[in-house]
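Here is a brisk report on the structure shown next. Please read it with the model open.

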Amino acid sequence: MSSAQKRISKEFQECTTSPPPGMTITLPSETDLHKWSIQLTGPPNTPYANGVFNLTLSLPTEYPFKAPAVNFATRIWHPNVTNDATGNICLSVLKPENWKPASRVKGVLEAVRQLLVEPNPDDPLEARIADEFRTDRAEFDKNARSYVAQYAKAGK
Amino acid sequence: MDSDDDFISNMSSEDDVMQDDTDNDDLSAADEEFDVFDDEPDDNPAVTSMKSDKKKGVSFDVSFRVYRPIDVQNQQDEMIDEVNMILEMKKEDAAIMLRHFRWNKERLIEDYMDNPTKVLEAAGLGPSSSRPPELEVIPGFMCDICCEDEDGLLSFAMKCGHRYCADCYRRYLTQKIREEGEAARIQCPTDGCQRIMDSRSLDILLTSDLNERYRELLNRTFVEDKDILKWCPAPDCENAVECGIKKKDLDKVVPTVDCACGHRFCFGCSLNDHQPAPCELVKKWLKKCADDSETANWISANTKECPKCNSTIEKNGGCNHMTCRKCKHEFCWMCMGLWSEHGTAWYNCNRFEEKSGSEARDAQAKSRVSLERYLHYYNRYANHEQSARLDKDMYQKTEKKMVQLQTASGMSWIEVQYLNMASQALQTCRQTLKWTYAFAFYLARNNLTEIFEDNQKDLEMAVEALSEMFEKPITELADAKLKVDMMDKTAYCKKRRVILLDDTADNLANGRWTFSIDLKGLTAGAGSTGPRR
């Protein structure tokens, strides 16, 4: 596993020194490089702006030959994130048939952030929310903002 | 395009089948092959007589061919050689191209002639340099996967030029081949690079046991890629069977095939022979029979079948955009329709779910009322299944019986073969009888049903009579008269079975049965094709 350790610590270093915009990455446990926690500030000009979202990223032992798993720990109103405590994300790069060993965590995190800028209602995890996003954007924005206010307030 | 295809296919009848087959969307071509099973009312007597001529023999038999593993390999090699010669490309590349085109050689050649660059790109053979791939040590190289940069690190790159250390390449391939069962479509490990691993690169990188597994998987994709080929489902049987029956015709024909290993199965659904009942009916029946068990409830609640290859799929998370792990078919979990045709219409799926939800509730209420009727048919179905099992034990005892009979009567081994024949006839007939009850359960009552039930009754009586004779003690079996009776009865049973199957298949082919269920099912897709002439 030493080769994976080398790669993971390198990636972690990269991600902490030049993180994707609006993200802070830390290790919840100094000894376990396989579990990362991410704090993401909602991108500006989106209903998620100013919200602070916590995410977890776990790297499987087979990493980088198997894709990492990313979950929202903070509840979020979004078509591609399950509206429950698990916060599963539907991200094509994380699917086994799309993941490549040369893919990077940073790319994954950028894709997660991009998902907040541009939700993808054609591949919904929450059909109801996707429906709302498509047909009643004002209502969607309102719901997303109220979720931010309720769950993703800074300092909470 | 049609006439071109016909011209090419005329050169070899085998190609004809392949070509037609992958050309599913081309309804006119597909229909032609199945003229025999035309469901239009026959208002033209000349056409009718011609059709019945075509159907001489038994209408429930379909034509098929059994391929041994070596034949499967040879078939692939032949096609690869052909493409290699016609398009003057390397064999590895020809193989990748053929797999990309799901072994539709004609379309590959046509498309390639049209726009070689585009086709190569799409097949994962993008722009290539001429140098053959090899393991190399490159000074100052660092592997982007494991981040190793020690001196003398062996590295490898395909023609796309993305270089990684040999160890990472091997781990990647092992993961794909061993864990994910992938072979034909393993891409370069680089994010976004769609270059496909070719067999020569694999030869350089893989250990022999992994290479063997890879070949095995490749062979498998060849059979799985082609709708006219299917693996024999018998355990340990490595044969594949070729049959031209198309999925959309499964409501008109029950394509039972005989593998060289002796296993009789349905080409449509790979289950054991279930003539005369059509696949969709069998599927519904089996589901119904299993409905009591918790497992069945769980399966129906949590899984669906891939609309293309029928693999059972459990959705354990993720969105509605499903990609079948086995056949790579992309579909919507809600409506089971093609994802590509889906566009932005998933909204309708939401509605569809509501509607089907209420339908499901209605269906449940109805099923309770009809439970009694169901049990009538089920008990008879189950009884034949049970008897067939007992007869099978009997079959194992038959040999012993035959030996005993030889000593008791002084008959020779050849002369006691009639017992073996009787035992086999019993098995086959019971298998048929069993399914006649599932068939009858879904049948609406009319004159045809009465004829069917008469046939069923005749066969059943004959089978029970033969079964009784078969179980007589050795002393009675030694009687020469009983031997003649038994041989007669065996022949009679076989004849009754053929009559029943022939009649059922004929009516099925001509769409004369009225069923209480839709035999097209969700999976058939094509649906009715409407008037054609």
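## Surface patch on chain B

B:Met85, B:Ile86 and B:Met113 form a nonpolar surface patch of about 350 Å². Patches are built from residues with over 30% relative accessible area and no salt bridge; like charges are joined within 9 Å, and nonpolar side chains (Val, Leu, Ile, Met, Phe, Trp, Tyr) within 5 Å. Accessible areas come from the Shrake-Rupley method with a 1.4 Å probe, and for residues only the protein chains shown count as cover. B:Met85 sits in helix α5 (residues 69-86) of chain B. Its relative accessible area is 64%, so B:Met85 is exposed. Exposed means over 50% relative accessible area, buried under 20%, and partly exposed in between (1.4 Å probe, protein chains only).

The model is predicted: local features need pLDDT of at least 70, side-chain atom pairs count only at pLDDT 80 or more, and totals for chains, interfaces and linings use all residues. Residues are numbered from 1 along each chain as its sequence is written, chains are lettered from A and ligands numbered from 1 in the order in which they are written, and side-chain values use heavy atoms, with hydrogens and water left out.

## The two chains

Helices (H or I, at least four residues) and strands (E, at least two) are DSSP runs, numbered from the N terminus. Chain B has 19 helices and twelve strands. Chain A has four helices and four strands. Read from the N terminus, the elements of chain A follow the order α-β-β-β-β-α-α-α.

Two further values describe how each chain is built. Contact means heavy atoms within 4.5 Å. In chain B, 59% of contacts between residues at least 6 apart in sequence join residues at least 24 apart. In chain A, residues 24 or more positions apart account for 53% of the contacts with a separation of 6 or more. Of the 533 residues of chain B, 45% count as buried. In chain A, buried residues make up 51% of the 156 residues.

| Chain | Exposed area | Share from carbon and sulfur atoms |

## Where the chains meet

The size of an interface is often given as the accessible area lost when the parts come together. Buried area here is the accessible area (1.4 Å probe) that two parts lose on being put together, summed over both. Chain B and chain A bury about 2700 Å² between them, and 54% of that lies on carbon and sulfur atoms. In residue terms, 34 residues of chain B are in contact with 27 residues of chain A.

How many salt bridges are there between chain B and chain A? The count is two. A salt bridge is a side-chain nitrogen of Lys or Arg within 4 Å of a carboxyl oxygen of Asp or Glu. The side chains of A:Arg104 and B:Asp144 meet in a salt bridge, with 3.7 Å from N to O.

Zero disulfides turn up over all chains. B:Cys232 is in no disulfide, and its nearest cysteine sulfur, that of B:Cys237, is 3.6 Å away. A disulfide needs a pair of cysteine sulfur atoms within 2.5 Å. B:Cys232 is buried, with a relative accessible area of 5%. B:Cys327 is buried too, at 14%.

B:Ser201 is in helix α10 (residues 199-205) of chain B. It counts as buried, at 1% relative accessibility. Leaving aside neighbours within four places in sequence, B:Ser201 is in contact with B:Pro133, B:Phe156 and B:Met158.

B:Glu106 lies in helix α7 (residues 105-114) of chain B. At 7% relative accessibility, B:Glu106 counts as buried. Its C-alpha atom is separated by 9.6 Å from that of B:Val83, 23 residues apart along the chain.

## Backbone exceptions

Most residues other than glycine have a negative phi, and most peptide bonds are trans. The peptide bond from A:Tyr63 to A:Pro64 is cis, with omega near 5°. A:Pro64 lies in the loop between β3 (52-58) and β4 (69-72) of chain A. In chain B, a cis peptide bond joins B:Gln275 and B:Pro276, with omega about 5°. B:Pro276 lies in the loop between β8 (264-266) and α12 (279-290).

A:Asn45 has a positive phi, near 60°. A:Asn45 lies in the loop between β2 (35-41) and β3 of chain A, and is exposed at 82% relative accessible area. A:Asn50 has a positive phi of about 75°. A:Asn50 is found in the loop between β2 and β3 of chain A, and is exposed at 65%.
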